Amino acid sequence: MEHVSTSQTSPLPFLKGHGTENDFVIVPDPDNALELPASTVARLCDRRAGIGGDGLLRVVRSAAHPEAEHMAGEAEWFMDYRNADGSVAEMCGNGVRVFARYLQHAGHIDAGDVSVATRGGIKKAHLAKAVPGSGVAGDITVSMGRAVLPEDGVTVSVGGRSWPARNVNMGNPHAVAFVEELDHAGDLLTVPPFTPASVYPDGVNVEFVVDRGEHHVAMRVHERGSGETRSCGTGACAVAVAAARRDGLDPAVTGAPVTYTVDLPGGRLRITERPDGEIEMTGPAVIVAEGMIDPVLLETVTA
Ligand SMILES: N[C@@H](CCC[C@H](N)C(=O)O)C(=O)O
């Protein structure tokens, strides 16, 4: 027998936003009052039966969330990020830009600097001012932290083809494969590429990359918990670092920052790695809609 329960009896406000078309359902929940089990998140992110999104950003005051209260002194707001299947991930780079844009949209902050608490630690974002009269919001730059590059050799396989890949951790796991053509990974990445479970016991985001010019690459991504998406911020950072190392560039050695332009199906990101290892990601973020969620969508169904 099915049991239906919900603590939410009235319509719940939400917004929809995207960063280079990596799109998110945004749920303001400043007091951490909502229960959002994985099945509910998956229903909200469903593109046919729900609102639709690659993931969900719950906006919670850090002080009100047990995973973030230790960051409350530095970052007022906690980004509770979930993938489209409801799973929790450590970090979402495009999510931080969209989260910062939401804070500005809601009047919590102005253009300038803001710190956002995430499961991957505090991320600092800078919201550039819009060019007067342009009607276009300024880009947002996020300090993404350092990449970790374990030395283990990884192979990525999809549709009968295999490629060697670089293992890069940006707070969350990535496998970066350089390919000859982006469509060699298939028309649509409908199933996760095969990767070694011994290296990625919790799953992995897989990037396929081609060169477009000097310090300029293009990529596709299959995201853990979301499928093929039109952009992935942490993925673009992983790709830029893997491309730099492949090109013999390491800012920690040369003492000079290096910037890669990364084209994704949903837009363009600029990724700079500094000599201290810090990686900065710059790109757009927009809020496109606001509305109310029917409480029926928030019901938890248990057998
Ligand atoms: N799209 C995100 C990454 C989201 C998390 C990822 N799917 C994971 O499970 O690690 C980004 O912009 O970084």
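Biologist: In which sense do strand 3 and strand 4 pair?
Modeller: This is a predicted model, where local features need pLDDT of at least 70, side-chain atom pairs count only at pLDDT 80 or more, and totals for chains, interfaces and linings use all residues. Residues are numbered from 1 along each chain as its sequence is written. Strands are DSSP runs (E, at least two residues) and helices are H or I runs of at least four, numbered from the N terminus; two strands pair if DSSP finds at least two bridges between them. Strand 3 and strand 4 (residues 55-61) have 5 bridges, and their sense is parallel.

Biologist: Which residue of strand 4 does Pro28 stand opposite?
Modeller: Strand 4 covers residues 55-61. The residue opposite Pro28 is Val59.

Biologist: What is the bridge partner of Gly17 in strand 3?
Modeller: Strand 2 (residues 12-19) runs antiparallel to strand 3, with 5 bridges. Their hairpin has 2 residues between the strands, and Thr20 takes a positive phi near 45°. The partner of Gly17 is Phe24.

Biologist: Why is strand 3 largely enclosed by the rest of the structure?
Modeller: Buried means 20 or more other C-beta atoms within 10 Å of the residue's own, with C-beta atoms placed from the backbone. Strand 3 (residues 22-28) is largely enclosed because its buried residues number 6 of the 7.

Biologist: Which element gives the largest share of the shell around the ligand?
Modeller: The ligand is surrounded by 18 residues (C-beta atom, placed from the backbone, within 6 Å). Helix 2 (93-105) and helix 3 (233-246) each give two or more. The largest share is 3 residues, from helix 2.

Terms used
A residue is buried if 20 or more other C-beta atoms lie within 10 Å of its own, exposed if 12 or fewer, and partly exposed in between; C-beta atoms are placed from the backbone.
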